[in-house]
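Open the model in your viewer and keep the selection panel at hand. This tour goes from one stop to the next, starting with aromatic rings.

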Amino acid sequence: MAAAGTTEQRYDHKEIESKWQERWARDGLYRVRDDDPRPKWYELHMYPYPSGDLHIGHWYAMSGADVHARFRRMQGYNVLHPMGFDAFGLNAENAAIQRGIHPYRWTMDNIKHMREQLKSMGTIYDWDREIITCDPSYYRWNQWLFLQLYKAGLAYRAHAPVNWCPSCVTVLANEQVIDGLCERCDTPVTQRDMNQWFFRITRYADELLDHSKMDWPDRLNTMQTNWIGRSEGVEIDFDISEHGLKEKTLRTFTTRIDTIYGVTFVVLAPEHPLVDALTAPERKAEVDAYVEAARRQTDIQRLSTDKEKTGVLTGAFCVNQLNGERVPILVGDYVLLTYGTGVVMGVPAHDQRDFEFATRYGLPIRVVVAPPDWDGGALAEAYTEEGAQVNSAEFDGLPSADGMQRIAAHIEAQGWGHRTVNYRMRDWLISRQRYWGTPIPMIHCERCGTVPVPEDDLPVVLPEDAEFLPTGESPLALHQGFVNVECPQCGQGAKRETDTMDTFVDSSWYFLRYTSPDTHDRPFDPEAVRRWNPVDQYTGGVEHAVMHLLYARFFVKALRDLGLLDFDEPFVRLFNQGTILANHQKMSKSRGNVIAPDSYVETFGADTIRCYLMFLGPWEQGGDWSDSGINGMARWMNRVWELAQRDARQLDDFPRDEAAVRDLKRSVHKTIRRVTDDMERFKFNTALAALMEYTNSLNQAWERKGIVSEDWNDAVEKLLLLLAPLAPHIAEELWERTGHRRVGAGLKSSTKLDRHQLSSVHSQSLPDWDAALAADDVVTLVVQVNGRVRDKIEVPASVSEDEAKATALASQRVAAHIEGKQIARVIYVPGRLVNIVAR
């Protein structure tokens, strides 16, 4: 709650906010028309999960997005800035178990509350376009899109490991596994292979690596590139025919085929299907125990670079076909069956973690790529750079880069392997063994196999009378009325698929649905999608880089190939906002430091909260919430309120002073330029700083006199227009109070008015600036000597190059650093820098 000693607002923010929110809704001010002649701008913020309450982090993210959307609207765009709710998810199902309330009711109650909170922010959402993903009218189209992907070979079913709780006798989502234990009963979780549904995202791996059609942060592009993990190398077979198995080889992938002669061991993933067959009887107990322990770890734990590599010998060997050497086969938990081939070759001389592993287990370390000036002795650590091939048979003496190509060609000629491209990214596993999600529209028939639900039978609706047991078992699997169904092909008794879809499926196309949310015969209206998509500006957290954002890109490309879309990328521009901290820590319920905004809104009003959050720091960096800091913003809002309502007629009692008028106009136009440039780049904190400086300039102009009412009123009008995106309620109230009469005032609520008939500040255009008036009078020249800053000098903005160089050389601070030296040259960057090169 708000702290004691808070700044009292000089205006009734509650009355003002209620008044304008009701009037905006009544007049349809923010209703978005598809036939609006202005150029379109689709600005979208990632929709929230309906957890029950908006916290201050939601306000931070959504206020910034709303500010920028309002800014674009006042620039003359027809702006679509919709809102909805990511309404499926595990929390609702847990609530059903813990509170005895149905997930639908829990979710819809939360949405009702959060919708009112969002409205209280003064946002420009067109609520007629709201989508709620747990509504059958939405998830019906999840199912329809699934069927289209299935028909195109982009959805399939296969075995995959899942988290299994033997006590609860159920599958757990990754989120339900805490430190290797079931969150419900603390039983150690194991992994079990089960049939799961996948989307074939890997088919688009190369296209997903191409970010050239998007203006996204480099950091995020890099995260996606690393996640996809494209690597060129060689798949090579190791001979295991000596073991008399049906399989005669183990295939592994390497990016360093130049080190193949240095292989001294091979490691299998614990889940590899040949582990049992290759394990010698005397090694079975130890291997089984190791495999069981590995199954209790998540993939993230197993792949951690901080974790020491471990493994156990199977007692089996394989043959490196290039040199005929038998090398031991181990099982290691750092190898995953789902990455590569599930087999890794160990080259300890040229991989540091292999080096440490081999040292620990007493395995040979053979150098095959020699460091410069290598004397043939043992290495103190792995050598991972290029060098000369040694101990590599006929390839000795080659530079390792050449050796890589020659060895790969030799392997292909012998039929032992081939060059290929591998990806770290796996296909998207969408199956979830829980209730609160979109049912996967498939039926399993003993006679016909797996059969799609006919499209005319969609949606497959979640049963309302599902029973939520404390064991956490999926209610769908236990609901006979849901499970038992006729096969749509043969009419015989069959079983409905009881898995539901990953909730990321919902958000992979929701931006398409916003364009025509009431379309009933297809997921979206093609004409509406062509009109609005792709999204011009997307905002949200960077934590979604390798899931939601990647999945949405996959969906758009897949739907394009199905003929449903005619563009390649979902989001042209992306901006990631930062995180709000409390006492320098990230907010979380476990820390007890989650800040609820409602009491602050009650005390200060929505506009003050919006502006304070935007003033905390650069929006992309976030900031630390401070109860004392908000008082400063409240005082400034009071100042705006008072300044805007001064009686400008008092100024007409004094003679007009052209110098005073010119100074005020220069302040006006400089502020317009600064605020516009800053808002364009999401620099809301510096935009507000510019407005604060401007209010100081206004007050100085008032006290100086020399301006008349016309000058003052124009300057105040500019203030309100620039403030409107940031503080929509107070700007609208002051716009009305300063004489901008609403044409529709006094009309019946049933009278339909075009929003452009209303003299709302939010229907105005942002003011333009005069470049000459906005130009700086002076600039600061940074003066360097041999690249090091020695002085900073203010000079007229019109300074010439010769004048700038002469001023820099005359500086007393510079003189001490060039005395007795010869000036080789002087470099000038206009209006910014003079660098003196002295020897």
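Select Trp-428 and Tyr-551: both are buried (under 20% relative accessible area; exposed is over 50%, partly exposed in between; 1.4 Å probe, protein chains only). This is a predicted model, where local features need pLDDT of at least 70 and side-chain atom pairs count only at pLDDT 80 or more, while totals for chains, interfaces and linings use all residues. Residues are numbered from 1 along each chain as its sequence is written, and side-chain values use heavy atoms, leaving out hydrogens and water.

**Aromatic pairs**

What is the rule for a pair? Rings of Phe, Tyr and Trp (its six-membered ring) pair if their centres lie within 6.5 Å; planes under 30 degrees apart are stacked, over 60 edge-to-face, and the rest tilted. The count comes to 42 aromatic pairs.

Now select Tyr-138 and Trp-509. Their ring centres are 4.7 Å apart and their planes at 10 degrees, so this pair is stacked. Tyr-138 sits in helix H5 (residues 136–151) and Trp-509 in the loop between helix H15 (504–507) and helix H16 (510–513), so the pair ties together parts 371 residues apart in sequence. Helices (H or I, at least four residues) and strands (E, at least two) are DSSP runs, numbered from the N terminus. Tyr-138 and Trp-509 are both buried.

Go back to Trp-428 and Tyr-551. They form a stacked pair, 3.7 Å centre to centre with 5 degrees between the planes. Trp-428 is in strand S17 (residues 428–429) and Tyr-551 in helix H18 (residues 548–561); the pair links distant parts of the chain, 123 residues apart.

**Charges over rings**

Select Arg-72 and Trp-41. Arg-72 lies over the ring face, 4.3 Å from the ring centre. The rule: NZ of Lys or CZ of Arg is within 6 Å of the ring centre and within 35 degrees of the ring normal. Next, take Arg-646, which lies over the face of Trp-702 at 5.2 Å from the ring centre.

**The whole chain**

Zoom out. The secondary structure comes to 28 helices and 32 strands. Along the principal axes, the C-alpha atoms fill a box of roughly 110 × 90 × 50 Å. Of the 839 residues, 54% count as buried. Among contacts (heavy atoms within 4.5 Å) between residues at least 6 apart in sequence, 73% join residues at least 24 apart.
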